[in-house]
Amino acid sequence: MKVGQIMTTDVFLTDPAKSIREAAETMKRMDIGSLPVGDGDRIIGIVTDRDITVRAVANGLGAETLVREVMSEAIHYCYDDDDVDDVARNMADLQVRRLPVINRQRQLVGFVSLADFAYSGDEESSEELLKGVAKPH
């Protein structure tokens with residue numbers, strides 16, 4: 001099975017010049033925990049609810065702080081034609097619960113998450129991923 005068969009396709013890039021308040025409002029509205037940050041249709045970073053909490057709020061930064069100031073620039077991703085077993089193993093090794101999915105033209109086409117694996121019917125990949133991301137820190 002390929003990642004493109006299980007991924008969520010309802011995604012968009014947020015602008016690095018938006019405020020973290022706007023990012024948080026989008027996350028709340030979409031019931032998600034992270035937003036890819038982009039320049040055009042290219043990913044340049046990821047901002048998560050944890051980034052907003054730990055890098056902004058915990059350091060006394062205000063709600064008008066720009067996304068670019070707290071986003072993670074190290075981007076891990078997978079391709080839509082990657083095998084789900086390989087992606088699950090990679091996510092487990094990285095201890096991440098979600099990954100952006102890009103096509104071979106390097107454009108964002110979706111997101112794959114722990115939940116997508118859980119509902120994919122691929123029990124082996126789901127179990128491997130869950131064990132990887134659920135490791136105590």
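**Exercise 1. Which residues are buried in helix α2 (residues 49–56)?** Then find where they sit on the helix and what they pack against.

*Solution.* The model is predicted.

Step 1. Asp 51, Ile 52 and Ala 56 are buried in helix α2.

Step 2. Look down the axis of α2.

Step 3. Recall a general point. An α-helix has 3.6 residues a turn, so residues three or four places apart point the same way.

Step 4. Find the partners. The buried residues of α2 pack against α1 (20–30), β2 (42–48) and α3 (67–70).

**Exercise 2. Describe the chain as a whole.**

*Solution.* Step 1. Count the elements. The chain has 6 helices and 5 strands.

Step 1. Along the sequence, the pattern reads α-β-β-α-α-β-α-β-β-α-α.

Step 2. Along the principal axes, the C-alpha atoms fill a box of roughly 45 × 35 × 25 Å.

Step 3. Turn to burial and surface. Of the 137 residues, 40% count as buried. The chain exposes about 7,900 Å², and carbon and sulfur atoms supply 47% of that area.

Step 4. Check the contacts. Take those with a separation of 6 or more: residues 24 or more positions apart account for 60% of them.

**Exercise 3. Classify the pair formed by Tyr 77 and Tyr 79.** Then examine the surroundings of each ring.

*Solution.* Step 1. Note what is needed. A pair of aromatic rings is described by the distance of the centres and the angle of the planes.

Step 1. Count the pairs. There is 1 aromatic pair. The ring centres of Tyr 77 and Tyr 79 are 5.8 Å apart. Their planes stand at 90 degrees, so the pair is edge-to-face.

Step 2. Tyr 77 is partly exposed, at 30% relative accessibility. Tyr 79 has a relative accessible area of 17%. Buried means under 20%, so Tyr 79 is buried.

Step 3. Look over the face of Tyr 79. Arg 104 lies there, at 3.7 Å from the ring centre.

**Exercise 4. Locate Ser 120 and state whether this residue is buried or exposed.**

*Solution.* Step 1. Ser 120 lies in the loop between α5 (114–118) and α6 (123–133).

Step 1. Its relative accessibility is 16%, so Ser 120 counts as buried.

Step 2. Ser 120 and Ile 6 are 114 residues apart along the chain, yet their C-alpha atoms are separated by 6.1 Å.

Definitions and conventions:
Residues numbered from 1 in each chain as written. Predicted model: local features only at pLDDT ≥ 70, side-chain atom pairs only at ≥ 80, totals over all residues. Heavy atoms only, no water. Phe/Tyr/Trp six-rings, centres within 6.5 Å; stacked < 30°, edge-to-face > 60°. Buried < 20%, exposed > 50% of the residue type's maximum accessible area, 1.4 Å probe, protein only. Lys NZ or Arg CZ within 6 Å of the ring centre and 35° of its normal. Helix = DSSP H or I, 4+ residues; strand = E, 2+ residues; numbered from the N terminus. Contact = heavy atoms within 4.5 Å. Areas by Shrake-Rupley, 256 points an atom, 1.4 Å probe, with all protein chains shown as cover.
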